[in-house]
Amino acid sequence: MNATKSGKYINFLPEHPHVIVSQKDHSILDVALREGIEINHTCGGNGTCGTCLVHVVEGLEKLGPRNEIEEEMAQDRGFKAHERLACQNEPVDGLSVEIKNDLTE
């Protein structure tokens, strides 16, 4: 079973600190779903619905720039710099995010 562990951990604050990332997890959304962490995702991880929005609390500088899909959504919806789509970002070690399931602020 150790072969599937990556040695990376991310934090889903406040309830799920230190969640280990599997080598099969290609996105933050993958990690959340595998661990049973509730996160909205109505488009199946394609980046077209914007419902898997997370607030990056720590580690924003570790994430790459927004890809074309995420950038279009961010511009359309007015995302702040720390607001990212879980389906469009790789789970990097030491990342801490808060899930934003309620899009009404």
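**Note on a predicted protein model**

1. Among contacts in the protein (heavy atoms within 4.5 Å) between residues at least 6 apart in sequence, 57% join residues at least 24 apart.

2. This is a predicted model, in which local features need pLDDT of at least 70 and side-chain atom pairs count only at pLDDT 80 or more, while totals for chains, interfaces and linings use all residues. Residues are numbered from 1 along each chain as its sequence is written, and side-chain values use heavy atoms, with hydrogens and water left out.

3. The mean pLDDT (the predictor's confidence in each residue, from 0 to 100) is 91 for the protein, and 91% of its residues reach 70 or more.

4. The protein holds 2 helices and 5 strands, where helices (H or I, at least four residues) and strands (E, at least two) are DSSP runs numbered from the N terminus. Their order from the N terminus is β-β-α-β-α-β-β.

5. Along its principal axes the C-alpha trace spans about 40 × 25 × 25 Å. Of the 105 residues, 40% count as buried, that is, under 20% relative accessible area with a 1.4 Å probe and protein chains only.

6. The count of disulfides (pairs of cysteine sulfur atoms within 2.5 Å) comes to 0. C49 is in no disulfide, and the nearest cysteine sulfur, that of C43, is 3.6 Å away. C87 is likewise in no disulfide; the nearest cysteine sulfur, that of C52, is 3.7 Å away. C87 is buried, with a relative accessible area of 11%.

Terms used
Buried < 20%, exposed > 50% of the residue type's maximum accessible area, 1.4 Å probe, protein only.
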